[in-house]
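Try each task before you read its solution.

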Amino acid sequence: MALSAQQIPRWFNSIKLSSFINAVQLTKHFPGPGRTLLHGFSAPAHMSSDNCFVQWGFKTYNTSSLWNSSQSINSSSIESRPAQDALAPSVNEPSEKIPSLNSELALEELDDLPARSPLDPISEEEAIQITVCPPLPLTSHTLRDYVDHSETLQKLVLLGVDLSKIEKHPEAANLLLRLDFEKDIKQILLFLKDLGLEDNQLGPFLTKNYAIFSEDLENLKTRVAYLQSKNFSKADITQMVRNAPFLLSFSVERLDNRLGFFQKELELSVKKTRDLIVRLPRLLTGSLEPVKENMKVYRLEFGFKHNEIQHMITRIPKMLTANKWKLTQTFDFVHNVMNIPHHIIVKFPQVFNSRLFKIKERHLFLAYLGRAQYDPQKPNYISLDKLVSVPDEIFCGEIAETSVENFENFLKTL
C-alpha cells in the first residue's frame, strides 16, 4: 500500500529511532574490537561484530537525517497548504533525543568506518588468519579422520597406542570416540601406573586391552586385591598384567576357577601353581581346551608319566598351550629318529620349545660327521640342551668340531 505525502515524514522518523535503538542493543550484546570471544579465540579488530551491525544501523540513520534536511527546505510550502492539511505532523517539530552509543564508539568514528562486503578483497595477512576446519565424517573406516578433532585420541597416540590396530574393531573405535580423557581415561592410567606399569608399557598394553576403559575402577581394584590375597606379590601382579593384558578384565570368580583348575588338573602345590601362573599368566586368560588336549597327548600318545609331565610343564610352561601338531612332530623325530628315550627328554623339555627344522639340520649334520651320540653313558655325549639352544658358531666349534662354512655347505645338500 503506498504512503501518502503526509505519512512519509512520520515513517522516516520512526525508522531513525528504531535503527538507533537496534544499534545500541547490538553493541551491548557483541564485544568490541579485539575482545576475547568463546573458546579462547581473539576476534580481529577489522572483523568485530560492532563494525558489521553498527554500520548498518548508522547508515540507516544518516539516510533518514538527509530526508529530514530536505524536508526542512520545503517546510514553507507545506505550511501554505489548506487548513485540512494542518493536521499532518510538521517536520520542524522538535524530535525525540536519540540516545548516543557507548563512549567506545562515537558518531564521528562511525562516519569513517567503511562498509564491509563478503566480496571485498583481503590482504595476505588476513587470508593467513582464516582457518577452515573440514567437517567430521558421519562414518569412517579409520580413526585418522577424527584425531585432529579429539583430544582423547591425540593423548592416546602420545602414550604410544596403535590406533591402526584398534580401528580394526569398530566397537572399540566407537568406544574411544565417546570417552572423555579427563573423566574416563585418566583414572585408569593412574591405576595402571600405581600397579607398576612403566610409561613405555602403557601404549602396548592399551592397544591390546582397550576394553579396560569400559571397566569399573572399583572392580579392577577388587581383582588386584584378590590376587594379593593369593600371595601374589606386587611385582608378580605387574609382570602378569604386562604379559597378559586381559587379566584384569576377568572377574574374581573366573580367576578363582582358573587357579583351582590348574592346581587340581596338574596336581601341583600352591606355590608351584602360583609360580606357573606368574611365568605364563595367559593360562588364566586363554582357552582351557588346548591345555586339556595337550595333557592327554603327553600321557596317552607320548607315554609320559604324570610326575614327568609335572616336571616338564614347570620347566617349560608353554608346553601346556603349544600346538598339538608341532608337539607330535617334534616328539616323533626326537624319540623315534634320534632314539632319545623318555627320561632324557624329561631332563631337557626345552626341545619341545625349539624349531623342528633346526633340530633336524643339526642332527643330520652330526650323523654325517659320525658324532650323533646322545647317550650320557657313552663318550662324546651331546646333550639335547646344547643341540637346540646354542648358536651356530658354538655348535660348529664345540660340538661338531668343524667350521660354520662346512655346516652351511652341508645344508645346501638337504
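Predicted model: local features only at pLDDT ≥ 70, side-chain atom pairs only at ≥ 80, totals over all residues.

Residues are numbered from 1 along each chain as its sequence is written, and side-chain values use heavy atoms, with hydrogens and water left out.

**Exercise 1.** Describe how helix α19 (residues 324–337) and helix α21 (residues 356–369) cross.

Step 1. Take the axes, which are lines fitted to C-alpha atoms over the stretch in contact, with angles from 0 to 180 degrees between N-to-C directions. The axes of α19 and α21 come within 10 Å and cross at roughly 20°.

Step 2. Classify the angle. α19 and α21 are therefore roughly parallel to each other (angles under 35 degrees count as such).

Step 3. List the contacts (heavy atoms within 4.5 Å). From α19, Gln329, Thr330, Phe333, Val334 and Val337 meet Leu356, Ile359, Lys360 and His363 of α21. By class, this contact has 5 nonpolar, 3 polar and 1 charged residues.

**Exercise 2.** Find where Gln373 lies and what its side chain reaches.

Step 1. Locate the residue. Gln373 sits in the loop between α21 and α22 (384–389).

Step 2. Gln373 has a relative accessible area of 16%, so it is buried (under 20% relative accessible area).

Step 3. Follow the side chain. The side chain of Gln373 reaches the backbone nitrogen of Asp375 at 2.7 Å. It also reaches the backbone oxygen of Pro379 at 2.8 Å.

Notes:
Helix = DSSP H or I, 4+ residues; strand = E, 2+ residues; numbered from the N terminus. Parallel < 35°, antiparallel > 145°, perpendicular 65-115°, else oblique. Nonpolar A, V, L, I, M, F, W, Y, C, P; charged D, E, K, R; others polar. Buried < 20%, exposed > 50% of the residue type's maximum accessible area, 1.4 Å probe, protein only. Polar contact = N/O pair within 3.5 Å; in protein donor to acceptor, adjacent residues only side chain to side chain.
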